Amino acid sequence: MLRNYFFWLCHPPNLNTTALLDTAANISLLANGAPSERASIQLTSKSVMQPTGDRLFTTENLLLLLNKLPTEACEAHRAPGITNNLISAAALADAGCEIFFHKTGCEVSLNGEIILRGWRDPDTRLWRVSLHPEGGQRIVPTDQNIIQAMLAPTSPEINSIYECENTGQLINFYYATMGYPVISTWLKAIDKGYFRGWRGLTSDRVRRFIKPNEQCEQGHMDQRRQGIRSTKSS
């Protein structure tokens, strides 16, 4: 990963070849010169309300070059004059994608596979992705400050649940928090990424620290209810 950072430090990306991943936009908008291809079907121009209250009109229908995105998520519109290209998070979600934002970047996944990665823009503090198909799997910093911050020594920091003194206690705490789920089901959910953000939680640690226990067995027993048949002779 550091090799990619040094490469982009020497060859900083052109922001016109990137886009912000925008949760406030319901269509994707590209400025003149942004990587794309003209759509075969051209629809009527769309009117876009800007934060200033002015209206902006699109000039043509486009297709993003990000070939791992679902077809419907690749629809975009030419919007001359916009400052940043915008990819609509709503369009990605409607196409079945899941979006994960974190402190330094973002990930877009489809059916459990990560199909697009991005980075955090230090100037806007928003999430930016490459519009080139070969750049969709890179986390690319946009200026030298990010490189220096990642290579600089970090200050001491503590992130913990105070009652948990070790990893085993932490994993068991998570297990109890989830209501003692069936372990095999929980492992599948962890591997599919549904527990991103649960610090220290991995399927390997669950296998290591979670053992069969009374709470789980009692909570998932399948027994016939009592008292549903009469004991009186007919």
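## Basis of the model

Because the model is predicted, local features need pLDDT of at least 70 and side-chain atom pairs count only at pLDDT 80 or more, while totals for chains, interfaces and linings use all residues. Residues are numbered from 1 along each chain as its sequence is written, and side-chain values use heavy atoms, with hydrogens and water left out.

## Overall make-up

The chain holds seven helices and 12 strands, taken as DSSP runs (helices H or I, at least four residues; strands E, at least two) and numbered from the N terminus. Of its 234 residues, 37% count as buried, that is, under 20% relative accessible area with a 1.4 Å probe and protein chains only, where exposed means over 50% and partly exposed lies in between.

## Salt bridges

Seven salt bridges are counted, each a side-chain nitrogen of Lys or Arg within 4 Å of a carboxyl oxygen of Asp or Glu. One of them joins Arg 78 and Glu 60 at 3.4 Å, N to O, and it links distant parts of the chain, with Arg 78 in strand E7 (residues 75-78) and Glu 60 in the loop between strand E5 (55-57) and strand E6 (61-63), 18 residues apart. Arg 78 is buried, at 10% relative accessibility, and a network of salt bridges links Arg 38, Glu 60 and Arg 78.

Asp 121 and Arg 128 form a salt bridge at 3.0 Å, N to O, and both residues are buried. In helix H6 (residues 203-209), Arg 207 and Asp 204 lie three residues apart, about one turn of the helix, and their side chains meet at 3.4 Å, N to O; Arg 207 is partly exposed at 45% relative accessible area, whereas Asp 204 is exposed at 55%.
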